[in-house]
Amino acid sequence: NSGKVRDIYAVDAEHLLFVTSDRVSAFDVVMPQGIPHKGRVLTRIASHWFEVTRDVLPNHLVSTRVEDVRGLGAREQELLRGRIMLVKKARPTTVEWVVRGYLAGSGWKEYQKSGTVCGIALPKGLGFCQKLPRPILTPTTKEASHDVPLTPAEARARVGAAVFDPAERAALALFERGTRELEKLGILLADTKFEFGHIGDKLVLIDEALTPDSSRFWPAQGYQVGVNPPSYDKQILRDWLETLDWNKQPPGPDLAPAIVRKV
């Protein structure tokens, strides 16, 4: 399978090989140009979080060493070094598990219209980029093109309570762990997306975790309510694309070299 960023190969009956490319997507459209070294950065960050959150929830990562993948020649090993995750096969849930700690992005747009985010009522008078009273789960569907927001009740109906309840607990616990660890580095975790699957009947964290592709990161220094913070994530690209006369449909526009460097 080939996704927006990752290519996935079957290794054997129990394992897959994830290869993270330098492709970059925004608004669910893959851009014509990639971001140099992005795949290696994402792999390092994701594998770090997989290792340090195993006590919160098991995950599917087996190895990031090309030497642990049977059948690769020397040239293939060099091309793939730093870009691969050898993982256990899992059955993905049909929901993406988004957790928000701050009011930004599509959540801010919905809140301005209705005072809610994914149908969850929030206090009146919250400002742009304001920290929420507590993190909230705002799930979406998992689509090949545009993901569709779901209320928690809709997500529960979609996957069943036996999947939803432990996944909600895991998503909020992982968000709390990420928040605490990133705060030590002067980074605010505004929101992030987790993906879960099952190996047998066991819920596991899959795909990626707390990367700049799946999260909104802000520097803590200089953070103010009402001000759009500078980003350590794809928001740099989204903000630039919003200035263009582009309908957010494929094909994506050519990226200016200055934006590629900034991202």
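1. Two strands are said to pair if DSSP finds at least two bridges between them, and strands (E, at least two residues) and helices (H or I, at least four) are DSSP runs numbered from the N terminus. In these terms, Leu 61 stands opposite Val 87 in E6, and two bridges join E5 to strand E6, residues 84–88, the two running antiparallel.

2. This is a predicted model, in which local features need pLDDT of at least 70 and side-chain atom pairs count only at pLDDT 80 or more, while totals for chains, interfaces and linings use all residues. Residues are numbered from 1 along each chain as its sequence is written, and side-chain values use heavy atoms, with hydrogens and water left out.

3. Four strands form an open sheet in the order E1-E2-E6-E5, with antiparallel pairing. Its edge strands, each pairing on one side only, are E1 (6–10) and E5 (61–63). Strands of a sheet pair through backbone hydrogen bonds, either parallel or antiparallel.

4. Within this sheet, five bridges join E1 to E2, and a hairpin connects E1 to E2 through four residues. Asp 7 has Val 19 in E2 as its bridge partner. On the way to the next strand, E2 and E6 pair in the antiparallel sense over five bridges, and Leu 17 stands opposite Leu 86 in E6.

5. Is E2 buried or exposed? Six of the six residues of E2 are buried (under 20% relative accessible area, where exposed is over 50% and partly exposed lies in between, with a 1.4 Å probe and protein chains only), so E2 is largely enclosed by the rest of the structure. Both of its faces are covered, with His 15, Leu 17 and Val 19 on one side and Leu 16, Phe 18 and Thr 20 on the other.

6. Turning to the rings, Phe, Tyr and Trp (its six-membered ring) pair if their centres lie within 6.5 Å, and planes under 30 degrees apart count as stacked, over 60 as edge-to-face and the rest as tilted. By this rule the count comes to nine aromatic pairs. One of them is the tilted pair of Trp 97 and Phe 196, at 5.9 Å centre to centre and 45° between the planes. Trp 97 lies in strand E8 (residues 95–102) and Phe 196 in strand E13 (residues 187–199), so the pair ties together parts that are 99 residues apart in sequence. Both Trp 97 and Phe 196 are buried, and together with Phe 164 and Phe 194 they form one aromatic cluster.
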